[in-house]
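The sequence and structure are shown here for reference.

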Amino acid sequence: MTDHPRDQGQAGGPPPALWTGRATNRLQWLPASAGAACMALGIELAVDEPWTSGIVPLLMSVIGCVSAGLLMLFGTLAFVHVAVRVDSDAMEVRCGHMGVPRRRIPLDQVVRAEFVPRVTPCHWGGWGCRWRPEQGTAVVVRRGEGIALTLGDGRTFTVTVDDAETAVRVIRDHLRPGTTTGPAPAV
């Protein structure tokens with residue numbers, strides 16, 4: 001029995017990572033804090049508010065504040081950072097601390113990998129998981145460099161990540177022969 005990582009990857013788990021990268025957006029903590037404040041306001045209303053004005057208006061206020069707070073809190077924490085992992089079989093993108101949402105793209109479905117020097121939330125309509133019919137799908141957690149993959153069915157997938165140029169080189173090295181690699185990365 002060997003303890004070589006490549007042997008462990010073939011024994012049933014994922015292959016060993018050839019490249020890993022992350023991107024972080026510390027500004028996402030601001031809306032997450034606002035979500036926590038909304039939740040705290042809802043709890044405060046439920047505990048300290050006199051129930052003299054009626055139960056229905058109070059319940060609506062409490063439920064509204066807690067719901068808005070949860071949506072803001074978990075909606076923003078999912079996109080505080082993104083982790084990208086490239087192995088010999090696929091590129092996997094995981095968002096937030098829980099790794100959800102997650103996207104796994106097999107490299108045999110990729111026909112082109114390109115380095116994008118500047119991806120901005122303005123290009124995609126904001127932060128998070130995005131879809132635009134003319135551009136494809138993206139995971140944008142911050143402004144900066146990213147990876148753009150063109151898939152065999154013509155769709156594109158873009159993700160912002162640090163050291164994207166190296167990731168593109170690793171992906172290109174593992175594309176099937178005859179695949180287009182796109183323009184040379186900018187140096």
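## Overall make-up

The chain exposes about 10600 Å², and 61% of this area is supplied by carbon and sulfur atoms. The model is a predicted one, and of its 187 residues 38% count as buried. The chain holds five helices and nine strands, which follow one another from the N terminus in the order α-β-α-α-β-β-β-β-α-β-β-β-β-α. When contacts between residues at least 6 apart in sequence are considered, 56% of them join residues at least 24 apart.

Four strands make up an open sheet in the order 1-2-3-4, with antiparallel pairing. Strand 1 (19-24) and strand 4 (102-106) are the edge strands, and because each has a single partner strand, one side of each is left without a neighbour in the sheet. On average, and with direction ignored, neighbouring strands of this sheet are turned by 10° against each other. The antiparallel pairing of strand 1 with strand 2 (residues 81-86) runs over six bridges, and Thr20 has Arg85 in strand 2 as its bridge partner.

## Helix 5 and what covers it

Helix 5 (residues 164-173) packs on this sheet, where it touches strand 1, strand 2 and strand 3 (90-95), and its direction makes about 145° with that of strand 1.

## A nonpolar surface patch

Ile55, Val56, Leu59, Met60 and Ile63 together make a nonpolar surface patch of about 500 Å². One of these residues, Met60, is found in helix 3 (residues 55-77). Is Met60 buried or exposed? With a relative accessibility of 60%, Met60 counts as exposed, because the cut-off for that class is over 50%. In general, an α-helix has 3.6 residues a turn, so residues three or four places apart point the same way.

Technical notes. Residues are numbered from 1 along each chain as its sequence is written. This is a predicted model: local features need pLDDT of at least 70, side-chain atom pairs count only at pLDDT 80 or more; totals for chains, interfaces and linings use all residues. Side-chain values use heavy atoms; hydrogens and water are left out. Patches are made of residues with over 30% relative accessible area and no salt bridge: like charges are joined within 9 Å, nonpolar side chains (Val, Leu, Ile, Met, Phe, Trp, Tyr) within 5 Å. Accessible areas come from the Shrake-Rupley method with a 1.4 Å probe; for residues, only the protein chains shown count as cover. A salt bridge is a side-chain nitrogen of Lys or Arg within 4 Å of a carboxyl oxygen of Asp or Glu. Helices (H or I, at least four residues) and strands (E, at least two) are DSSP runs, numbered from the N terminus. Buried means under 20% relative accessible area, exposed over 50%, partly exposed in between (1.4 Å probe, protein chains only). Two strands pair if DSSP finds at least two bridges between them. Axes are lines fitted to C-alpha atoms, for helices over the stretch in contact, and angles run from 0 to 180 degrees between N-to-C directions. Contact means heavy atoms within 4.5 Å.
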